[in-house]
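Thanks for asking me to look this over. Below are some notes, point by point, to read alongside the structure.

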Amino acid sequence: MKNYALRIALCASLIAAAAVVAMNRPNYFVRAAEGQPAASTIVAVDNFTFTPKEITVPKGTTVTWVNHDDVPHTVVSTDKKFKSRALDTDEKFSFTFSDSGIYGYFCSVHPVMRGKVIVR
Amino acid sequence: MGNIIKENLNPDGVDRRGFLKCMAWAGTGTLCVMQGGILKSFALSAMNKHDVSSMHADFAFAQISDSHIGFNKAANPDVTATLREAIAKLNALPQAPEFVLHTGDLSQLSKADEFDTLDQSLKSVRTGKIFYVPGEHDVLNDNGQQYRERYGKDSKGDGWYSFDHKGVHFIGLVNVMNLKAGGLGDLGHDQLKWLEDDVKHLKHNTPIVVFAHIPLWTVYPQWGWGTDDSEQALSYLKKFGSVSVLNGHIHQVMQKVEGNVTFHTAMSTAFPQPAPGQAPSPGPMKVPEEKLRSVLGVTNINFVRGKHTLAIVDSTLQDNSTEGMPAQGEMRQ
């Protein structure tokens, strides 16, 4: 009898422990349920060109521009929504698009360079 | 070695053949002389001291451009060294330039230490004064505030100004600020208004020299090599008999004559850029190391009063002197 009672107590405490773990890490379970890591994408700056020139991304996407040229470039929104500093070779600039819309941008140092981000 | 122009359908003193002939020498040590509306071209190799002295220049000034201090990539890992060689060329001239124009891109990234290095190097130039206009590399991140504090204290607006020297009116313009998406270089309304007022009261026979970073004529819009509102600026200069426009930005010598206006671009002291459309982009062009100094250089300008003569001489860092150079090849047409 004594052994039986002990087993029940052990089982109960294990369940309780699991519950405590679950309660302390609620986000883990919620995230696992949604299964959607934050989206990100890269636009390369090569030979005075944004590549790809036009991208379509879901809301919440972080776009990162990387300058591969030997000259500085900038990433400047035509509607003043975002603006990078001058990016030297291999430097990056990121912007997270929270709202849907069409975002035109250009390089303010070489304004013939233009690109577009479409957020759905 | 003069090539007087014989065939000309336009009243500008220049025909295509003569113009191309002059262009052919560009970058290898060329002297182009405008005399009474006639363009003559000389190769420096064919000239001797007598030719140079017979020009009786009233005064001489020089142009250097696109030093890009801070650039350290493959196209030229030591731009400070080549700037110093350019300075040595100026200091070796028989007639010291009365002043020097630097037509922009002093720095690569508008950094204080880059401007410091430039200033330190330019202290050794044997000349009265150095005048500046900014390139797009000099106004990064701060809309040109640092540039103006260092080089544009007496200037107007974004850094434009004018001055007179021995009867010639010099105008320094800024066309690298507030550039618009999809556009070229830009002078802007305020500067154009100022320019109109600046030249309004000058006599028509006053020789005009305009200098700015980006070419004030459309060289190659696909690469942004031009200025959107340059035509309006030039319309204010139509009344003058002699207008010379000196630019940088494209890191190669190009010249065009249109009516009373001579356009000229200078070599860089840092690295060459490709000819229009001859590469995927206008970025720094890597040439074999032993060739680098043949595509970098300085420009010397001699002004002869009363003859409407402005002699523009481009010489590369490699040219040792105006004498004893190997004969130049013939023009290919």
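1. First, a term to have at hand: a residue is called buried if 20 or more other C-beta atoms lie within 10 Å of its own, exposed if the count is 12 or fewer, and partly exposed in between. Please keep in mind that this is a predicted model. With that cut-off, 24% of the 120 residues of chain A count as buried.

2. Chain A has two helices and eight strands. Reading from the N terminus, the order of elements is α-α-β-β-β-β-β-β-β-β. Among the contacts in chain A with a separation of 6 or more, 46% come from residues 24 or more positions apart.

3. Do look at the open sheet in chain A, where four strands are arranged in the order β3-β8-β7-β5 with mixed pairing. The edges are held by β3 (54-57) and β5 (76-77) of chain A; each has a single partner strand, so one side of each is left without a neighbour in the sheet. As a reminder, strands of a sheet pair through backbone hydrogen bonds, either parallel or antiparallel. Here β3(A) and β8 (residues 114-119) of chain A run parallel and are joined by four bridges. Within this pair, I55(A) sits opposite V117(A) of β8(A).

4. Where the two chains meet, 18 residues of chain A and 18 residues of chain B take part in the contact. The chain A side that touches chain B is made up of eight nonpolar, five polar and five charged residues.

5. Which residues of helix α4 (residues 112-122) of chain B are buried? They are E114(B), F115(B) and L118(B). These residues span an arc of only 95° around the axis, which puts them on the same side of α4(B). In general, an α-helix has 3.6 residues a turn, so residues three or four places apart point the same way. The buried residues of α4(B) pack against α5 (145-151) of chain B, while A112(B), D113(B) and Q120(B) are exposed on the other side of α4(B).

6. Is N178(B) buried, exposed or partly exposed? N178(B) is partly exposed, because 16 other C-beta atoms lie within 10 Å. Setting aside neighbours within four places in sequence, N178(B) contacts D186(B) and G188(B). Between the C-alpha atoms of N178(B) and D142(B), which are 36 residues apart along the chain, the separation is 12 Å.

Conventions. Residues numbered from 1 in each chain as written. Chains lettered and ligands numbered in written order. Predicted model: local features only at pLDDT ≥ 70, side-chain atom pairs only at ≥ 80, totals over all residues. Arc of directions from axis to C-beta. Contact = placed C-beta atoms within 7 Å. Nonpolar A, V, L, I, M, F, W, Y, C, P; charged D, E, K, R; others polar. Pairing = 2+ DSSP bridges.
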